[in-house]
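Have a look at the structure first, then read on.

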Amino acid sequence: MDPTLVRLGLLGEQEGAGSGSARRCRGKLLEVVSPIDLQIIGRIRTAGVEDYEAVAGAAAGAFDAWAAVPAPKRGDIVRRIGDLLRAHKRELAEIIALETGKILPEAEGEVQEMIDMADFAVGLSRMLYGKTMPSERPGHRLYEQWLPLGPVGVITAFNFPLAVWAWNAWIALVCGNTVAWKPSSKAALSAVAVMKLIWPLFKECGLPEGVLNLAVGERSAVGERLIHDRRLPLISATGSVAMGRRVAQAVAARLGRTILELGGNNAVIVAPSADLDLAVRAVLFGAVGTAGQRCTTTRRAIVHREIYRPFCDALTAAYRRLRIGNPLEAGIDMGPLIDRGAVRAMQDALARLKDQGGRVLYGGEPLYGGTYAAGTYVVPCLAEAAPGLPIVREETFAPILYLMPYGSIDEAIAFQNAVPQGLSSAIFTNDLREAERFLSHQGSDCGIANVNSGTSGAEIGGAFGGEKETGGGREAGSDAWKAYMRRQTCTVNRSQELPLSQGIEFAIT
Ligand code: NAD
């Protein structure tokens, strides 16, 4: 019996939905299986249709009361949530690691990200600034203000089961919105655990039920209802491009808003002037961190011909030293993939790579027996592939890194941009001209572009998101909050005249 499950009260059947406390659900039973050893670590009674309706109704019902709380006071609630997370950082990280197989330091980083996001949102709650513009009409004031939008639907992926929700939820809360969250069924125990921690705080503060809502459930009972739900003016969805396409169409059909955070296919360019050691370290973490299951995972390394061999040799040597195993144990660099299906998808991608003329340089094989008995562990793969291969244009959610040599910076940037996705990108160079070119409109076409820093591991202070098939959404820092609010442009006339804009004369004689 895992002591963390005991401490967080996760033994026994859990309810998968609620609006301030858990409700007795009527959906199917979900068995939560750890990818570490395929043991069942929890059971969740998921939301049925009526449970979803109750939860979404609660989110809509609580909106007016929550929006009426002054923004800095809403910020103070988020500050207290941040304190709770600080106090339970280790336990939450352990649940994330158990459920997703990510190594503990990364899982702790995920909880830290939630805490950082809370701090950011607290400050933001006093800075939801609108502009005042000079009016062209005498005695008039023209300004804009930002108002709460409504209940926000949040859909999250398995690989960041809590942080992505926190990016959305803390910002939505300080903006005056309530939140209805549908987590991935592959990582729903973390969601249940965090709600159990946070809900009592709302009660303690005398707030109504329905501000933070949860609905774990099947696509038919929860997912599809959420995206079609007219009570939710904004759907923020994180996951695959296929899911984003579906969500975008459903929400657009009712003229709702979306924030889409979809798949990436991120590349690092390594130029001849690069600090090779720095580049190898960044590519290593970018490619094998979270076992290659980050949206910002480095999937392609575009390396100048002159340094291609030494770079590949140094990276292969680093791959050989990786310790693969139980992510809860100290000293492990890479845990399992999320399930056996992900291992099969990786094998399938490697078979297609070979069919298309690519070549495996190192690793790629599944691991079996002993620690690896679950059949979810793999050796991360280094492969050589021409940039135009169909498999290289796809995001395979596993640790496969495609290496490809380049000759000129023009060619490197063309290779980098020649995929449908546009999330994160990086160049390692000490050549100022190359770096500036990469950061110009003639450079990377991604939402994130870094110089001498890898593709993976964004800070929360910047707006996070990508272009092209990555969906165009932005979350977390900078002014991403504006997507969660309703902008209103206001004109106030303190004169006794009624001048029309553009000088139009309209007088009835
Ligand atoms: P997924 O698309 O399988 O699922 C994501 C979420 O969408 C889950 O909660 C799922 O239940 C839900 N969903 C699927 N179809 C739906 C529908 N029709 N209606 C409503 N909800 C639906 O993705 P995954 O395997 O959980 O996560 C991996 C993917 O997520 C990768 O492509 C990765 O790049 C992407 N991702 C992107 C970001 C980002 O910020 N850009 C962050 C994390 C993960």
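Helices (H or I, at least four residues) and strands (E, at least two) are DSSP runs, numbered from the N terminus. On that basis, α8 supplies the largest share of the shell around the ligand, with 4 residues. Bear in mind that this is a predicted model: local features need pLDDT of at least 70, side-chain atom pairs count only at pLDDT 80 or more, and totals for chains, interfaces and linings use all residues. Residues are numbered from 1 along each chain as its sequence is written, and side-chain values use heavy atoms, leaving out hydrogens and water.

**The shell**
- There are 26 residues around the ligand, and T156, K182, E224, S240 and E395 come nearest (near means a heavy atom within 4 Å).
- α8 (219-228) and α9 (241-253) are the elements that give two or more residues to this shell.
- Sorted by class, the shell holds 11 nonpolar, 9 polar and 6 charged residues.

**Polar contacts** (pairs of N or O atoms within 3.5 Å)
- S240 uses a side-chain N or O atom, 2.6 Å from an oxygen atom of the ligand.
- T156 puts a backbone N or O atom 2.8 Å from a ligand oxygen atom.
- E261 has a backbone N or O atom 3.4 Å from a nitrogen atom of the ligand.

**Where the ligand lies**
- The ligand lies between domain 1 (3-262 + 471-488) and domain 2 (266-459), because both give residues to the shell; the bounds come from an automatic or database domain assignment.

Note on methods
Polar contact = N/O pair within 3.5 Å; in protein donor to acceptor, adjacent residues only side chain to side chain. Nonpolar A, V, L, I, M, F, W, Y, C, P; charged D, E, K, R; others polar.
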